[in-house]
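Here's a quick briefing to read with the model open beside you. Have a look at the fold first, then work through the points below.

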Amino acid sequence: MSPVGALRARIDGWFLSRRPPSDTLELTQRNVYIVPTRAGWTLAATLLVLLVASINYQLNLGYLLTFLLAGSVAVGMHVCHATLRGLAMRMMPPEAHYAGAAAVFRVVLHNERRSVRYGIGMAVRGSGQWAWTDVPAEGTSTVEIAFLPERRGLHPVPPLTAETRFPLGTFRVWTVWRPAAQMLVYPAPEAHPPPLPAGEPLSGPAAISAAQRAHGAGEYDGVRAYRRGDPLKLVVWKKAARAQAAGSEDLVSRDTQHTQREELWLDAQAAGLADTEARVSRLCAWVLMADRLGVDYGVRVAGRVMKPSQGEAHKRACLEALALC
């Protein structure tokens, strides 16, 4: 990093450290800043030339034009600053996303005054990807801000910038906001994972209970991933049709009580990969595959054990364990 870049980074870090994190922010004169834009500096130079020319040649109409434009600029500066001043912003709780996929933050802008606030943009600080909106009088507007998380885990929401250049574009009014919310990033699932691993034999009281239920042969007890050699009468064709509609060709079979002596465990050691991130990515793909098939599954990773179950809450708990391992 160049010396100028290092100095700028230190100043930026010092500036952000003075902003207390909060999920709500009300803009006042103490946290709203204003600077001329490039067009503003060009207009200022033009007014200076007009003023000098009017003085040299004693042009009354030149004086009129110069001070008329200067008055318009002064009014525009006041209107531009007032567009942000008094606005209230609130961060909605961010949803979990997968690494490598764009995350979306939702910010609610609340306007208490009786006039519309035009041309308000928001973006992740330094990204340059702006989302623009108008906030109605005595109303609210929701802005969706895109952000690309780099890795899995629990991350704080990055600092945000709000700005406006309404009405003339000669001034930039801006503020910096540090939300206190955190965002959970799941690992990116493997693109083409292998089939689910084989089930492990039940042990202890679960095995005894399964052996006792084995006397009721022929009764069905849930579903499991399709295995080569399963009779076609055990295939759940409704689930297969739904999976095919979702772009997957995975099949599931009905599981009789005789076969309920095994349970599906998704273990990091069974992934067969040396790289940690690759193992986590394969486990993530297996979790999504097992959830799509509707089978009971458990996860063992980094000393954490999620007992076999199914459903949306179980899937989220397993993905969270993979994200934080």
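Ala 146 sits in strand 8, where strands (E, at least two residues) and helices (H or I, at least four) are DSSP runs numbered from the N terminus. The model is a predicted one: local features need pLDDT of at least 70, side-chain atom pairs count only at pLDDT 80 or more, and totals for chains, interfaces and linings use all residues. Residues are numbered from 1 along each chain as its sequence is written, and side-chain values use heavy atoms, with hydrogens and water left out.

**Around Ala 146**
- Ala 146 has 49% relative accessibility, so it counts as partly exposed (buried is under 20% relative accessible area, exposed over 50%, partly exposed in between, with a 1.4 Å probe and protein chains only).
- Setting aside neighbours within four places in sequence, Ala 146 is in contact with Ala 103 and Val 124, contact meaning heavy atoms within 4.5 Å.
- Phe 105 is 41 residues away from Ala 146 along the chain, yet their C-alpha atoms are separated by 6.5 Å.

- Four strands make up an open, antiparallel sheet, and their order is 1-3-5-8; two strands pair if DSSP finds at least two bridges between them.
- Strand 1 (24–26) and strand 8 (140–147) are the edges, each with a single partner strand, so one side of each has no neighbour in the sheet.
- From one strand to the next, the twist averages 20 degrees (axes are lines fitted to C-alpha atoms, and angles between N-to-C directions run from 0 to 180 degrees).
- Strand 5 and strand 8 run antiparallel and are joined by eight bridges, with Ala 103 standing opposite Phe 147 of strand 8.
- Strand 3 (residues 88–91) also pairs with strand 5 (residues 103–110) in the antiparallel sense, over four bridges.
- Met 89 has Leu 109 of strand 5 as its bridge partner, while Arg 90 has Val 108.

**The cavity**
- There's one cavity of 30 Å³ or more, a cavity being a set of points on a 1 Å grid over the protein atoms alone where a 1.4 Å probe fits but cannot get out.
- The largest cavity holds about 30 Å³ of space, with volume taken as the space filled by probe spheres set on the points, which are joined across faces, edges and corners.
- Its lining (residues with an atom within 4 Å of a point) includes Cys 80, Arg 165 and Phe 171.
- Helix 3 (residues 60–84) gives the most to the lining of the largest cavity, three residues.
- That lining divides into six nonpolar, three polar and one charged (Ala, Val, Leu, Ile, Met, Phe, Trp, Tyr, Cys and Pro count as nonpolar, Asp, Glu, Lys and Arg as charged, and the others, Gly among them, as polar).

Definitions and conventions. 1 Å grid on protein atoms, 1.4 Å probe; cavity = no way out; pocket = protein on both sides within 12 Å on 5 of 7 lines; lining within 4 Å.
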